[in-house]
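Here is a friendly walk through one protein model and the small molecule that comes with it. Take a look at the sequence and the structure first, and then we can go through the details together.

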Amino acid sequence: MEQATPAAIEVSAARRVYGYGASTTVALGAVDFTVAPGRFVSLIGPSGCGKSTVLRLVAGLETPDAGRVLVHGATPADACAAKLIGFVPQTPALLPWLSVLKNVTLPQRINRKASKRRAPHPDMRELLRKAGLGDAMDKLPAQLSGGMQQRAAIVRAFGLRPEVLLMDEPFSSLDEFTRESLQDQLLGLWNELATTVLFVTHSVSEAVRLSDAVVVMSARPGRVVDVVEIDLPRPRGERLFEKREFHAYEDLIRDRLRGAWRSADIAKAGGAGR
Ligand SMILES: Nc1ncnc2c1ncn2[C@@H]1O[C@H](COP(=O)(O)OP(=O)(O)OP(=O)(O)O)[C@@H](O)[C@H]1O
Ligand SMILES: [Mg+2]
C-alpha cells in the first residue's frame, strides 16, 4: 500500500495559554493547518493573535497546552535536534564580534557532525554572493546596513540546509525596494534548496507575492479563519502588481482580515462596531 508522505508542518488543534489565575491569556484557541513539503506558506492576522506563538511551537521553543505540532512527522524538539528547522527572527541577531562570513558559517562549524544522510551544506560564500553580500563577507555586522544584516541572517538560516524555514516578519523594518529585492533573493534560495517556508507577515501584498497559500488568523485567541490558496504562476516578476488576479487575492485576504480584526481587543478598545 502506498504510504502517505507526512506534512512538513502539521498543527492540529494547537492551544496555548500563558500565565495562570486572573492573568491567564489564551493566546491560541485551537489552531489547525498543514504545510506540504516544499511549499511557501504565510501566516497573517491581527497584532497579538498568536502568529509568533505558532512559530515558537513549530520551532520547538514552546509546547502546546493541548493539540499537537509535528515537523516531518516528528516532534519539533526531535526535528530541531536533527537540524531540520531554521529560524529567522525579526531582528538579525548576528554576533557583533564575528565577520559576516564567520557569522553565517557558525551553525555549520558548530554542527560539523550533523547527520550524514542529509545533503551537503551549501557553499556559504556562494550564497552570500547571491544575496549581494560578496563584498561584505569580511566586514563586521556594525559596518552593514540593517537590510544587509537581515540578508546575512537569512543566508545563515539556510546554512544547515533546513527542511523547514520559519521566518517572523523578517522584512518588516525595510524600505519597499530593499524588501522586494530581499523577497526575490529569498524566493531564489527557496527554489534552489527546495525548503518549506512558514513566513509571518503583516503585509497582505507581501503574503500574496511570496506564497503558495496564506493562512489567515482571527484575533486572540487565535484560530485559522481561512486558508487562501494563491494560484498565480511563478516567477512572479515586477508585472505582478499590474495583474488583476493579484489584487483580487489582496482584496480577498483584506476582507478576511477585516472580519478577524473587528473581533480584536484593539478594535473593541477603539469603539469599533459603530
Ligand atoms: N510569554 C508570554 N507570556 C504571556 N503572554 C504572552 C507571552 N507571549 C505572548 N503572549 C501573549 O499571547 C498573545 C499572542 O502573542 P504573539 O506574540 O504570538 O502575537 P503575534 O500575532 O505574533 O503579534 P504581533 O503581530 O504583534 O507580533 C498576545 O496577547 C501576547 O500578549
Ligand atoms: Mg509576532
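Before anything else, keep in mind that this is a predicted model.

**Around the ligand**

Let's start with ligand 1. Which residues come nearest to ligand 1? There are 13 residues around the ligand, and the ones that come nearest are S47, G48, K51, T53 and H202. Sorted by class, this shell holds 6 polar residues, 4 charged ones and 3 nonpolar ones. If you want to know which element to look at here, go for helix 1, which spans residues 51-58. That helix supplies 4 residues, the largest share of the shell.

K51 uses a polar side-chain atom, which lies 2.7 Å from an oxygen atom of ligand 1. G48 takes part through its backbone instead, with a polar atom 2.8 Å from a ligand oxygen. C49 also has a polar backbone atom facing an oxygen of ligand 1, at a distance of 3.2 Å. How much of ligand 1 does the protein cover? On its own, the ligand has 630 Å² of accessible area, and the protein covers 63% of that.

**Pockets and a cavity**

| Space | Volume | Lining by class |
|---|---|---|
| Largest pocket | about 460 Å³ | 12 nonpolar, 2 polar and 2 charged residues |
| Second largest pocket | about 150 Å³ | 3 nonpolar, 2 polar and 3 charged residues |
| Largest cavity | about 40 Å³ | 5 nonpolar, 1 polar and 1 charged residue |

The largest pocket has 16 lining residues, and I85, G86, F87, P107 and L160 are the ones nearest its centre. Strand 5 (85-88), helix 3 (100-110) and helix 5 each contribute at least two residues to that lining. Strand 5 gives the most, with 3 residues.

The second largest pocket is lined by D184, L187, G188, W190, N191, R234, P235 and R236. Remember W190 and P235, as both turn up again below.

As for cavities, the structure holds 1 of 30 Å³ or more. Its lining is made up of A131, R151, I154, L182, Q185, L186 and L189. Two elements give two or more residues each to this lining: helix 5 (146-158) and helix 6 (176-193). Which of the elements gives the most? That would be helix 6, with 4 residues.

**Aromatic pairs**

The model contains 4 aromatic pairs. One of them joins F40 and W190: the ring centres are 5.6 Å apart and the planes sit at 85 degrees, so this pair counts as edge-to-face. Why does this pair tie together parts that are 150 residues apart in sequence? Because F40 belongs to strand 3 (residues 40-44), while W190 belongs to helix 6. As mentioned, W190 is also part of the lining of the second largest pocket.

The peptide bond from R220 to P221 is cis, with omega near -5 degrees. To find P221, look in the loop between strand 8 (213-217) and strand 9 (224-229).

Another cis peptide bond runs from R234 to P235, and omega is near -5 degrees there too. P235 lies in the loop that runs between strand 9 and helix 8 (244-262).

The last stop is A13, in strand 1 (residues 9-18). What is the phi of A13? Phi is near 45 degrees, which is a positive value in a residue other than glycine.

Definitions and conventions
Residues are numbered from 1 along each chain as its sequence is written. Chains are lettered from A and ligands numbered from 1 in the order in which they are written. This is a predicted model: local features need pLDDT of at least 70, side-chain atom pairs count only at pLDDT 80 or more; totals for chains, interfaces and linings use all residues. Side-chain values use heavy atoms; hydrogens and water are left out. A residue is near a molecule or strand if one of its heavy atoms lies within 4 Å of it. A polar contact is a pair of N or O atoms within 3.5 Å; within protein, one must be able to donate a hydrogen and the other to accept it, and residues adjacent in sequence count only if both atoms are side-chain atoms. Accessible areas come from the Shrake-Rupley method with a 1.4 Å probe; for residues, only the protein chains shown count as cover. Ala, Val, Leu, Ile, Met, Phe, Trp, Tyr, Cys and Pro count as nonpolar, Asp, Glu, Lys and Arg as charged, and the others, Gly among them, as polar. On a 1 Å grid over the protein atoms alone, a cavity is a set of points where a 1.4 Å probe fits but cannot get out, and a pocket is an open set with protein on both sides within 12 Å along at least five of seven lines; lining residues have an atom within 4 Å of a point. Grid points are joined across faces, edges and corners, and a volume is the space filled by probe spheres set on the points. Rings of Phe, Tyr and Trp (its six-membered ring) pair if their centres lie within 6.5 Å; planes under 30 degrees apart count as stacked, over 60 as edge-to-face and the rest as tilted.
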